[in-house]
Amino acid sequence: MKHKVAVIGAGNVGASAGLYIAERGLADVVLIDIVEGMPQGKALDMQQAAPLWHRGGRIEGSSDFAAVAGAEVVVMTAGFPRKPGMSRSDLLKANADIIRPAAEAVRKHAPQAFVVVVTNPLDVMAHLFWKVSGFPKSRVMGMAGILDSTRFRAFLAMELGVSGADIHAMVLGGHGDSMVPLPRYTTVNGIPIGQLLPAERIAQIAQRTRDGGAEIVKLLKTGSAYYAPAMSAVEMVEAILTDQKRLVPCSVLLEGEYGMRDLFIGVPVVLGAKGVEKIVPLELTAEETAALQKSGKDVADMIAELSVGV
């Protein structure tokens, strides 16, 4: 039986994710957006391209949340980007108001689905989706670690003049300024990057990784990144649908792991047909632990801010 994936939000990230899923032949796709005509038009455009992929599959568009019915995986991308003059609190409330009805609809129409949350602030929105849906923690996860790690890989590949496919990186923490790139756990085909680059240059590249999204926003001026975020979400969808048992960083609910509790934050997990199948403990230095704890506090503070009605 053909898999089905629902993508909520047919903007740049959602439409790109839908395109990648369909092009890979992973699943039938339904794009859902409240803007009448946009998901239908983009889906029709993709469907007209489908014969050129030499794969079957359907891409449909809808403005009705009930269209998530039958989806094995839901990718949540709908939300407002942060704009000039908008505070973090403004973004929290605006996107929380989008997450809540979406989570209720998924709970009602696709109660067995796995959910990959992309909406920002990502870790907080993943936590909110989990709370509202009532789903098990293994079935709700945030896309962040894969994106942040692949940005680290891309910048290292550019610096070293090697294929990014040979670079394996690990970035933990919240999806924001306090994320924690881990050079000790980053290699080029097994060679630690510390043997290939001086520490000060690695630190500069790690900082560029933290600023990766902001750098693109500054260049685009009227938007934010979407190709890499969409592809990162699709990596997670594929790992679930094809039971790949990928060991990747994802934003998941911690219940004591890494010394944190009742928050979503990026840590290494095994991702497969059961969703988040295992949280993998890493041995961290005191400095790395302190950085991860700071990142966790930033996420916890936003969760607390949202919980008091912001």
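Strands are DSSP runs of at least two residues, numbered from the N terminus. The exercises below use a predicted model.

**Exercise 1. Backbone in two loops**

Find where Tyr 258 lies and what its phi is.

Solution. 
- Step 1: Locate the residue. Tyr 258 sits in the loop between strand S12 (246-255) and strand S13 (261-272).
- Step 2: Read the angle. Phi of Tyr 258 is near 55°, a positive value in a residue other than glycine.
- Step 3: Most residues other than glycine have a negative phi, and most peptide bonds are trans.

Now turn to the bond from Asn 120 to Pro 121: is it cis or trans?

Solution. 
- Step 1: Omega is near -5° for this bond.
- Step 2: Pro 121 belongs to the loop between strand S5 (114-117) and H4.

**Exercise 2. H4 against H9**

Describe how helix H4 (residues 122-133) packs on helix H9 (residues 286-307).

Solution. 
- Step 1: Recall what is needed. Two packed helices are described by the angle between their axes and the distance between the axes.
- Step 2: Take both values. The axes of H4 and H9 come within 9 Å and cross at roughly 50°.
- Step 3: Classify the angle. H4 is therefore oblique to H9.
- Step 4: H4 and H9 cross in a right-handed way.
- Step 5: List the contacts. From H4 come Asp 123, Val 124, Met 125, His 127 and Leu 128; they meet Val 299, Met 302, Ile 303 and Leu 306 of H9.
- Step 6: Sort them by class. The contact has 7 nonpolar, 1 polar and 1 charged residues.

**Exercise 3. The cavity**

How many cavities of 30 Å³ or more does the whole structure have, and which residues line the largest?

Solution. 
- Step 1: The search finds 1 cavity.
- Step 2: The largest cavity holds about 40 Å³ of space.
- Step 3: Its lining is Lys 2, Ala 22, Ala 27, Ala 50, Trp 53, Gly 56, Gly 57, Arg 58 and Ile 59.
- Step 4: That lining divides into 5 nonpolar, 2 polar and 2 charged residues.

Terms used
Residues are numbered from 1 along each chain as its sequence is written. This is a predicted model: local features need pLDDT of at least 70, side-chain atom pairs count only at pLDDT 80 or more; totals for chains, interfaces and linings use all residues. Side-chain values use heavy atoms; hydrogens and water are left out. On a 1 Å grid over the protein atoms alone, a cavity is a set of points where a 1.4 Å probe fits but cannot get out, and a pocket is an open set with protein on both sides within 12 Å along at least five of seven lines; lining residues have an atom within 4 Å of a point. Grid points are joined across faces, edges and corners, and a volume is the space filled by probe spheres set on the points. Ala, Val, Leu, Ile, Met, Phe, Trp, Tyr, Cys and Pro count as nonpolar, Asp, Glu, Lys and Arg as charged, and the others, Gly among them, as polar. Axes are lines fitted to C-alpha atoms, for helices over the stretch in contact, and angles run from 0 to 180 degrees between N-to-C directions. Helices (H or I, at least four residues) and strands (E, at least two) are DSSP runs, numbered from the N terminus. Angles under 35 degrees count as roughly parallel, over 145 as roughly antiparallel, 65 to 115 as roughly perpendicular and the rest as oblique. A crossing is left-handed if the near helix is turned anticlockwise from the far one by less than a right angle, and right-handed if clockwise. Contact means heavy atoms within 4.5 Å.
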